[in-house]
Amino acid sequence: GVSSPRVGGGSGSSSSEGSPKIPRVIYEKLPSDIKDRYVLLLDPILATGVSSMAAIDRLIKAGVRQDRIMFVTLIAASQGVHSLCLRYPHMKIITSEVDAGLNEGNRVVPGVGEFGDRYFGTEDMRAKYYDEENPEEPGFD
């Protein structure tokens with residue numbers, strides 16, 4: 001027969017706050033046998049990698065091997081990918097897009113805005129599109 005690691009779930013949540021932004025774990029619940037599993041670590045946007053590294057370090061501390069962690073993100077800044085690859089050379093990174101980089105506020109550019117604020121409804125939901133050639137003229141509200 002074919003043997004494979006048992007499938008199960010755990011969850012966690014973190015937030016980066018303050019200046020400089022320091023990752024803070026809000027919630028964590030991991031299976032007791034996490035060290036024997038493959039882990040999909042999901043983060044919608046990878047910017048600097050600081051919050052991601054905090055989560056990865058917690059998994060490694062719990063006994064998960066780097067080569068069993070798959071970091072999955074929708075959009076990544078090149079700086080974040082570089083930071084994770086340097087620190088965790090055996091971990092896999094899966095993304096749909098690597099954007100140009102970060103702006104002075106460490107936001108992914110061009111990016112998609114603040115995903116967490118949008119998801120939880122904690123920002124002004126009016127989005128504006130700016131034409132790079134005519135930055136003074138908003139495209140829509």
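Visitor: Which side chain does the side chain of R37 make a polar contact with?
Guide: That of D33, at 2.8 Å. Keep in mind that this is a predicted model.
Visitor: And where is R37 in the fold?
Guide: R37 sits in the loop between β2 (22-29) and β3 (39-42).
Visitor: Is R37 buried or exposed?
Guide: Buried: its relative accessibility is 6%, and the cut-off for buried is under 20%.

Visitor: OK, zooming out. How many helices and strands does the protein chain have?
Guide: There are 3 helices and 10 strands. In sequence order the pattern runs β-β-β-β-α-β-α-β-β-β-α-β-β.
Visitor: What share of the residues counts as buried?
Guide: 23% of the 141 residues in the protein chain. The chain exposes about 9,900 Å², with carbon and sulfur atoms supplying 53% of that area.

Visitor: Let's talk core. Which residues touch the most other members of the largest nonpolar core?
Guide: I56, L59, F71, L84 and M91, out of 15 residues in that core.
Visitor: Which elements give two or more residues to this core?
Guide: Those are β3, α1 (50-61), β5 (69-77) and α2 (78-87). Apart from this core lies another one of 5 residues, including A47, A77, L102 and V108.

Visitor: Switching to I94. Where is that one?
Guide: I94 is in strand β6, which covers residues 92-99.
Visitor: What is I94 in contact with, leaving aside neighbours within four places in sequence?
Guide: With a run of residues: M70, F71, V72 and T73. I94 and M70 are 24 residues apart in sequence, yet their C-alpha atoms are 7.1 Å apart in space.
Visitor: How exposed is I94?
Guide: Partly exposed, because its relative accessible area is 42%, which falls between the 20% and 50% cut-offs.
Visitor: Last one: what share of the contacts with a separation of 6 or more comes from residues 24 or more positions apart?
Guide: They account for 48% of those contacts in the protein chain.

Notes. Residues numbered from 1 in each chain as written. Predicted model: local features only at pLDDT ≥ 70, side-chain atom pairs only at ≥ 80, totals over all residues. Heavy atoms only, no water. Helix = DSSP H or I, 4+ residues; strand = E, 2+ residues; numbered from the N terminus. Buried < 20%, exposed > 50% of the residue type's maximum accessible area, 1.4 Å probe, protein only. Polar contact = N/O pair within 3.5 Å; in protein donor to acceptor, adjacent residues only side chain to side chain. Contact = heavy atoms within 4.5 Å. Areas by Shrake-Rupley, 256 points an atom, 1.4 Å probe, with all protein chains shown as cover. Core = buried A, V, L, I, M, F, W, Y, C linked by side-chain atoms within 4.5 Å.
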